[in-house]
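Here's a friendly walk through a two-part question: how do the chains meet, and what else stands out? Have a look first.

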Amino acid sequence: MKTNDVILQTTTKLVFFIIFLFSIHIFFAGHYTPGGGFVGGLLTTGAIVLLLLAFDLKTVQKALPFNFTIVTGIGLLLALGTAAGSIFFNVPFFTHAFDDFTLPLFGTTSLHTAMIFDAGVYLVVVGAAVTMIQTIGGDA
Amino acid sequence: MTTFIWVCLILVILSIVGLLYRVYRGPSVPDRLVALDAIGVMLISAIALLSILFDTGFFMEVILLIAIMSFIGTVSFSKFIEKGEIIERDRTS
């Protein structure tokens, strides 16, 4: 059965980037306002699910050539590495450090090591959720 | 003004109850799908009214998030109704 999906595919090509940018925004907003790595990862997964709905598994695998189990591993390494790095400075596990830096474009910003941990959580959520959805949807 | 917004909020919640009845007892699957989509819209309007009541802007991201998730859910449900298969392996065949 051949169906016409022009509207869905054209909308997806635009909306994918809107959802992805919003997920990045909500990831960076997560330190002081609602948001964070988990919600950002789930939104990115939603964007990839929209691609999978409008196209098929083969096309998406060609467009995003990642092995998402390895993405999960990188995320776990990042999160646990940030948490374990505090041991070397004689402070308790999971202690995070922050300081104010003057960046050329953003002005004075406070950078936290908790952000690296949050990036790890983001990668773990994206990898695990996309792997689940590809595994469930793959056996047609 | 506050009374007006409370009345609107109560009306929106009543319409969510009516839509839940339609989801429970929709004669066909498309009825339930349209009702679920409308529940998403009603949730968005309820959160917008709450954000006016609490005088805060923190709920705007929640509104955008519910809108995106509701859109993806509606698209996947309608694809399931039309094709019976949500994620295809190869579309060319």
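Predicted model: local features only at pLDDT ≥ 70, side-chain atom pairs only at ≥ 80, totals over all residues.

Residues are numbered from 1 along each chain as its sequence is written, chains are lettered from A and ligands numbered from 1 in the order in which they are written, and side-chain values use heavy atoms, with hydrogens and water left out.

Let's start where the chains meet. Contact means heavy atoms within 4.5 Å, and buried area is the accessible area (1.4 Å probe) that two parts lose on being put together, summed over both.

| Chain B with chain A | Value |
|---|---|
| Residues in contact | 21 residues from chain B, 31 residues from chain A |
| Buried area | about 2200 Å², 67% from carbon and sulfur atoms |

Of the area chain B buries against chain A, Glu61(B), Ile87(B) and Arg89(B) supply 29%, more than any other three residues. There's one salt bridge between the two chains: Lys83(B) and Asp5(A) meet through their side chains at 3.5 Å, N to O. (That term needs a side-chain nitrogen of Lys or Arg within 4 Å of a carboxyl oxygen of Asp or Glu.)

Now for chain A's hairpin. Strands here are DSSP runs of E, at least two residues, numbered from the N terminus. Strand β1(A), residues 98–103, connects to β2(A) through three residues, and the two run antiparallel, joined by six bridges. One of the partners is Leu111(A) in β2(A), which bridges to Asp99(A).

Conventions
Pairing = 2+ DSSP bridges. Helix = DSSP H or I, 4+ residues; strand = E, 2+ residues; numbered from the N terminus.
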